[in-house]
Amino acid sequence: MNIRQAIKMAVKSILGSKGRSMLTMLGIIIGIASVMTIVSTINGMNEQNLKQMEAMGTNRIDVSAYLYNGQNAFEALYNYCNSLGSDLVLGVTPNSNASATVVYGSKSSTAMQKNQENMWSMDGSQQNQGNVALPPNLYYGSDQYSVCNNFTLAGGRDLSAIDIKNYAQVCILGARAAQNFFNYADPVGQTMQINGLPFTVVGVYAEKDPNSNWSMDNVIVFPYSVSRLIQPGTTMNDFTVKAASAEAAVEATSRISGFLTGLTNNGKSGNGYANSNNQWQNSVNEQATMMSLVLGGIAAISLLVGGIGIMNIMLVTVTERTREIGIRRAIGAERSSIVTQFLIEAAMLCGIGGLIGMALGTVATRVAGKLLVHVDIWPSPAITVGAFLLSVLLGVVFGIYPAAKASKLQPVEALRAE
Amino acid sequence: MLVKLKDVYKIYGEGMESEVRALDGVSLEIDRGEFVAVVGQSGSGKSTMMNVLGCLDIPTRGDYLLDGTDVRELTDKELSHIRNKQIGFIFQQYNLIQNLNVLENVELPLIYQGIGADDRRDMAMEALERVGLSDRVRHKPTEMSGGQQQRVAIARAIATHPPIIMADEPTGALDSHTGHEVLGFLQRLNKEGSTVILITHDNGIAATARRVVRLADGRITEDQAQEVDWL
């Protein structure tokens with residue numbers, strides 16, 4: 001008996017008992033679909049996290065400096081960091097939130113504040129899932145703000161050192177803030193009211209985080225020197241330094257710490273510290289890897305359970321079909337023919353189950369991506385093909401035992417079975 | 001000599017108190033072209049005899065020469081080939097495979113012989129024509145009467161043109177009319193040169209055989225030829 005015959009026979013046998021075949025496949029379908037969904041969703045989530053971290057900027061050093069005499073430590077830090085050279089430090093900027101009312105025409109941050117409050121009902125559940133305009137985050141920045149925060153210009157110009165020196169009433173909008181206030185019109189050159197003061201929009205940043213209402217693009221950046229116009233009496237104590245590389249971040253962190261020690265007179269006239277955020281990112285990465293491992297393990301177990309289900313059904317099938325095996329042996333089937341037949345049947349069941357599982361897993365991955373992570377996820381081809389091959393392999397592995405058992409029966413014993 | 005049993009024993013649970021001697025020292029010779037009925041009550045050992053003769057079971061002791069070959073020395077694979085090529089089985093319960101149609105059932109032994117699809121189909125159709133069922137080849141066994149199913153089983157047995165036809169109570173599940181029809185087929189096959197071994201408990205059926213071997217308690221009690229009047 002050749003392989004083509006064996007395959008034809010397996011097809012006939014599978015079609016001949018559809019109910020049993022479906023039950024067998026069910027285990028593998030669920031197993032494959034869940035492995036695919038879990039692994040793909042985690043991958044998508046990790047990718048999303050990574051993208052977000054990249055957008056936020058890697059190799060950032062958070063610096064805090066506070067002088068008891070109320071002086072602004074930024075200018076000294078700015079000059080020091082820029083003296084370190086571009087192979088260590090790429091930029092330095094204050095990292096302070098501003099608080100002000102922003103108005104342009106009929107749009108105002110006060111109304112957007114209402115939107116934000118209305119998103120949550122009394123019981124704390126989120127009500128409005130749609131794209132609503134939320135109030136922008138306002139920052140005081142230096143001319144190096146965009147470098148430090150991974151922004152690139154989409155239009156107009158960036159903040160300049162002269163803006164800061166001259167207390168220029170200008171601002172740069174993030175892509176989301178620009179959309180919220182100007183829809184799709186070009187904001188460059190327009191004037192907005194900040195706490196009642198006129199500010200000219202001189203530039204717009206390119207979009208870097210398109211996914212959520214709380215986007216990193218919903219920002220407005222002012223020259224830090226105008227804080228005295230917007231919020232008189234504000235001092236800048238928190239800063240962000242962008243290092244040139246991961247190695248440079250280590251070196252720069254230690255140098256800046258040394259500089260801060262000098263600046264604060266070893267803590268007598270102030271305090272300060274410098275921390276690299278690379279460490280935090282590493283731990284986030286580690287956590288993501290752990291999560292993949294744990295959930296991947298759970299998925300693998302579900303696949304294993306599916307495989308054992310197949311083995312059970314195959315065993316029951318053999319018992320049920322002992323008489324058929326007896327008949328086949330009586331009219332001349334060799335042991336190897338019986339083994340081949342059952343193996344191919346098992347492999348085909350798993351293959352078909354695997355295909356259905358793949359389709360189901362793709363749908364489930366898409367749905368999970370949309371609902372859980374709000375990202376467009378397609379299962380990777382590697383995972384899809386891997387899951388399919390795994391399902392056929394499971395069929396062969398779990399088909400061998402019952403097939404071997406079936407073939408060992410003496411024809412006369414098998415024929416006696418009811 | 002086609003079939004030669006010499007001092008054959010089939011003992012279940014040998015050495016135990018409850019040991020059963022299904023065959024208790026049987027010697028028998030059957031020549032090519034004979035029509036032999038093996039007759040006995042249930043428990044006489046006739047089914048065991050059929051299993052041994054049909055290479056479905058191996059005797060505990062004794063020699064079985066089939067066409068000069070010592071069956072006890074053959075491997076499982078060689079035994080499969082003998083069942084496939086030398087012997088055509090007809091069972092009381094027809095033993096057709098339920099999820100295959102009539103043609104597929106008859107083709108099955110030819111598939112195990114490795115015969116190509118076209119030849120296989122021709123041979124199976126020829127066998128089905130001989131039993132008068134060539135118009136029902138796409139039916140499933142469950143859609144047919146007992147007599148028809150037994151004719152399918154006969155077609156399957158003769159499709160490979162085996163020298164020996166072995167029938168185990170072939171009329172046991174049939175009414176007397178269809179039973180006679182089945183016996184008629186066996187007689188015709190014998191006339192055409194096949195050796196037919198018929199196992200039965202029914203003396204009436206045994207009376208249609210040219211030679212009757214009686215079994216009781218695993219031993220042959222009578223072995224005689226008789227004149228029969230075949231149509």
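Two residues are in contact if their C-beta atoms, placed from the backbone, lie within 7 Å. In chain A, residues 24 or more positions apart make up 81% of the contacts with a separation of 6 or more.

The model is predicted: local features need pLDDT of at least 70 and side-chain atom pairs count only at pLDDT 80 or more, while totals for chains, interfaces and linings use all residues. Residues are numbered from 1 along each chain as its sequence is written, and chains are lettered from A and ligands numbered from 1 in the order in which they are written.

Chain A has 14 helices and 13 strands; these are DSSP runs numbered from the N terminus, helices being H or I with at least four residues and strands E with at least two. Of its 418 residues, 42% are buried. A residue is buried if 20 or more other C-beta atoms, placed from the backbone, lie within 10 Å of its own, exposed if 12 or fewer, and partly exposed in between.

Helix H1 of chain A covers residues 3-16, and its end C-alpha atoms are 19 Å apart, which agrees with the 20 Å that its 14 residues should span at 1.5 Å a residue. The expected span is 1.5 Å times one less than the number of residues.

| Class in H1(A) | Residues |
|---|---|
| buried | A:Met9, A:Ala10, A:Ser13, A:Ile14 |
| exposed | A:Arg4, A:Leu15 |

The buried residues of H1(A) fall within an arc of 135° seen down the axis, so they line one face of the helix. The arc is that of the directions from the helix axis to the C-beta atoms.

Between the chains, 20 residues from chain B meet 19 residues from chain A. On the side of chain B that touches chain A, H2(B) gives the largest share, six residues.
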